[in-house]
Amino acid sequence: MTGISLAISGLEVMGQGGRSILSVAHLEVPAGAVVVVRGPSGAGKSTLLYAMAGIIAPAQGRIWWGNTDIAGRDDRGRAAFRRASVGFIFQEHLLFEELSALGNAAITALYAPRRDRRRIRESANGLLARIGLSESAARRSDTFSGGERQRIAVVRALAGAAPVILADEPTASLDRPNADALADDLMRLAREDGRTLVAVSHDPALHERADHVIDVVDGRVEGPEELHDA
């Protein structure tokens, strides 16, 4: 599997009243890089992530994932890109409690083309094994700890073979040992599979494990170099 590169130029996202809430003159992320976005609360980190995902439509600018400018697509086109190319990890695990670990990890198979369903289930099962949960794959999700549930959510994001993984504060709801375990799993799995990972996080554990760190302050990528080594 190969991640895809990201190139942002002239990006402006507007809030209520026409006020700019995010401005990015230029940003490039190499294919397969592991990047963390950090900054104060309200600085625009999540807005940047959601723009990268095509969830937010910018007022102007370009967001190139490989050869695809998602900023130039309509809502339907951006949604199609997300389905095909992006795995998203949220702050809360958002699992279906009545389903098993494997049922949650392979949930995207229910909505995938028939030809892809077996591959997604097999990928989910293999990923659960790689994080040490294969023997518990048949257990209901509500029997797992919070840290284990969030790790299942990581597997769900990766099971569809998306080349891009985006994560919004994935360790925020976890205690320190579970946050460290999740950070290790997420970074390791992304690197082993060659995926491009961008995570928004206040967590130093993720900052320390990243290839690069992006600082966002007051809605702007800070510093003369947009992409900083961790």
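In which strand does Val200 lie? Val200 belongs to strand β8, which covers residues 196-200, where helices (H or I, at least four residues) and strands (E, at least two) are DSSP runs numbered from the N terminus. The structure is a predicted model, in which local features need pLDDT of at least 70 and side-chain atom pairs count only at pLDDT 80 or more, while totals for chains, interfaces and linings use all residues. Residues are numbered from 1 along each chain as its sequence is written, and side-chain values use heavy atoms, with hydrogens and water left out.

Val200 has a relative accessibility of 1% and therefore counts as buried, a term that means under 20% relative accessible area, as against over 50% for exposed and in between for partly exposed (1.4 Å probe, protein chains only). Although Val200 and Leu48 are 152 residues apart along the chain, their C-alpha atoms are separated by 9.0 Å. When residues up to four places away in sequence are not counted, Val200 touches Val37, Lys45, Ser46, Leu49, Ala167, Asp168, Glu169 and Pro170, contact being defined as heavy atoms within 4.5 Å.

Glu169, one of these contacts of Val200, is placed in the loop between β7 and α6 (176-193). Its phi is near 50 degrees, a positive value in a residue other than glycine, and Glu169 is buried, with a relative accessible area of 10%. Most residues other than glycine have a negative phi. Thr171 is found in the loop between β7 and α6 and, at 4% relative accessibility, counts as buried. With residues up to four places away in sequence left aside, Thr171 touches Ala179, Leu182, Ser201, Asp203 and Leu206. A positive phi, of about 65 degrees, is also found in Ala161, which is not a glycine; Ala161 is in the loop between α5 and β7 (164-168) and, at 28% relative accessibility, counts as partly exposed.

Helix α4 has 17 residues and reaches 25 Å from its first C-alpha to its last, close to the 24 Å expected at 1.5 Å a residue, the expected span being 1.5 Å times one less than the number of residues. The buried residues of α4 are Ile120, Ala124, Leu127 and Leu128. These residues lie on the same side of α4, because they cover an arc of only 100 degrees around the axis, an arc taken from the directions from the helix axis to the C-beta atoms. Among the elements that cover them are α3 (101-105), α5 and α6, whereas on the other side of α4 Arg115 and Arg118 are exposed. Just after α4, Gly132 takes a positive phi of about 80 degrees.

The largest pocket holds about 770 Å³ of space. On a 1 Å grid over the protein atoms alone, a pocket is an open set of points where a 1.4 Å probe fits, with protein on both sides within 12 Å along at least five of seven lines, and lining residues have an atom within 4 Å of a point. Of the 21 residues that line the largest pocket, Arg82, Arg83, Ala84, Val86 and Thr108 are the closest to its centre. At least two lining residues are supplied by each of α2 (75-85), β6 (86-89), α4 (114-130) and α5 (146-159), and the largest share, four residues, comes from α2.

How values were computed. Grid points are joined across faces, edges and corners, and a volume is the space filled by probe spheres set on the points.
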